[in-house]
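Have a look at the sequence and the 3D view before reading on.

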Amino acid sequence: MIRNSPYVLLILATCIWGGNFVAGKVLVTHMPPITLAALRWCIAFAVLAPIYGKEAWKLRSDVRRHWKTVVFLAVTGVAGFNTLTYVAVQYTSSINASLMNSATPILVVLLSWLMLGERIAWRAIPGIIVSMAGVAWIIAHGQPETLLSLSFNPGDLWMLLAVLCWALYSVGMKRAAGKFPASPLLLVQVAAALLLMLPLSAIELASVSRPIEWSLPFTAGLLYIALFASIVAFLSWNRAIELAGSQRCAGFLNLIPMFSTVFAMGFTGESFHGFHLLGVIFILSGIYMTQQAMKKNRPPRTEEAGAFNSSR
């Protein structure tokens with residue numbers, strides 16, 4: 001039942017990813033970001049391979065035929081988003097980083113229009129502008145002069161790149177949903193991403209002088225991001241996109257800041273400020289405006305509705 005309920009799958013994935021921001025904030029102080037992301041996915045690969053290895057091997061001809069799609073998903077969703085997130089939380093709070101994800105639904109709408117040719121109504125433009133204003137307000141930490149002087153927190157800019165990667169991944173998964181089963185596809189994505197990440201990790205370790213600090217809490221956190229944030233959350237998210245489509249799923253990403261804020265305040269003592277709240281209000285208002293505009297301008301699609309309703 002859980003596997004066929006997009007709502008349950010999306011809440012599970014976003015709750016786990018909310019914890020991922022907080023765990024990443026702590027773990028990156030013990031291990032450099034590229035190596036942390038690579039080790040995370042090495043563990044995930046070791047777990048996924050015995051389960052989905054045979055299915056993935058059967059898809060080898062399809063993978064060769066659609067290798068560009070596979071590489072695109074591996075670079076944006078597996079390697080790009082996670083590595084950039086761990087780079088970002090070195091310089092900004094986990095709350096701030098998770099709030100940046102609230103811009104993803106708007107980016108998914110724009111990228112679906114650019115990459116998939118999905119219609120976007122002109123009346124949706126005001127909502128997009130309002131959401132982007134909310135993102136800019138969070139980046140500026142509620143200080144307009146920061147925007148004017150272009151003196152941003154580098155962590156927020158890295159996180160903005162990570163969010164762009166995730167939006168690209170979500171749209172790419174929508175295109176790939178009918179070509180591959182979601183679970184073995186994740187294994188193939190991880191393998192492709194590791195081919196890129198492991199050499200970069202070796203270069204990173206050669207250039208970093210500080211030793212990796214191993215401890216029981218660090219190992220527990222690493223297992224959390226490797227098993228739950230990498231496997232359970234990704235499989236849940238990919239299955240939900242398969243059932244409901246990328247644009248419908250994207251709105252649930254706004255649950256990540258809520259979960260991340262609760263975890264951060266409980267485990268790391270971070271604070272939620274007024275500029276966070278105002279930025280979120282702008283972002284969510286813009287998303288609501290955009291979704292309402294798209295509903296009014298998008299003709300009903302029988303096949304999408306059927307796919308969504310069949311999951312209930």
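First, some ground rules. This is a predicted model, where local features need pLDDT of at least 70 and side-chain atom pairs count only at pLDDT 80 or more, while totals for chains, interfaces and linings use all residues. Residues are numbered from 1 along each chain as its sequence is written, and side-chain values use heavy atoms, with hydrogens and water left out.

**Helices that pack**

Helices are DSSP runs of H or I with at least four residues, numbered from the N terminus. Axes are lines fitted to C-alpha atoms over the stretch in contact, and angles run from 0 to 180 degrees between N-to-C directions.

| Pair | Axes | Angle |
|---|---|---|
| H4 and H9 | within 8 Å | roughly 155 degrees |
| H6 and H9 | 9 Å apart | about 50 degrees |
| H1 and H13 | 7 Å apart | about 45 degrees |

Take H4 (residues 67-88) and H9 (residues 154-176) to start with. Their angle makes H4 roughly antiparallel to H9; the label applies over 145 degrees, with under 35 being roughly parallel, 65 to 115 roughly perpendicular and the rest oblique. H4 passes H9 in a left-handed crossing, meaning that the near helix is turned anticlockwise from the far one by less than a right angle (clockwise would be right-handed). The contact of H4 with H9 has 17 nonpolar residues, seven polar ones and no charged ones. Here Ala, Val, Leu, Ile, Met, Phe, Trp, Tyr, Cys and Pro count as nonpolar, Asp, Glu, Lys and Arg as charged, and the others, Gly among them, as polar.

H6 (residues 104-116) also packs with H9. That angle makes H6 oblique to H9, and the crossing is right-handed. As for H1 and H13, H1 is oblique to H13 and passes H13 in a right-handed crossing.

The whole structure holds eleven aromatic pairs, meaning rings of Phe, Tyr or Trp (its six-membered ring) with centres within 6.5 Å. In one, Phe81 and Trp166 have ring centres 5.1 Å apart and planes at 50 degrees, so the pair is tilted; under 30 would be stacked and over 60 edge-to-face. Phe81 lies in H4 and Trp166 in H9, so the pair ties together parts that are 85 residues apart in sequence.

Where a 1.4 Å probe fits on a 1 Å grid over the protein atoms alone but cannot get out, that's a cavity; lining residues have an atom within 4 Å of a point. There is one cavity of 30 Å³ or more. The largest cavity holds about 50 Å³, and its lining includes Phe81 and Trp166 again, along with Trp17 and Asn101. Six lining residues are nonpolar, one is polar and none is charged.

A pocket is an open set with protein on both sides within 12 Å along at least five of seven lines. Which residues lie nearest the centre of the second largest pocket? They are Val22, Ala23, Val26, Gly221 and Phe267, out of 14 lining residues. H1 gives the largest share of that lining, five residues.

Methods. Helices (H or I, at least four residues) and strands (E, at least two) are DSSP runs, numbered from the N terminus. Grid points are joined across faces, edges and corners, and a volume is the space filled by probe spheres set on the points.
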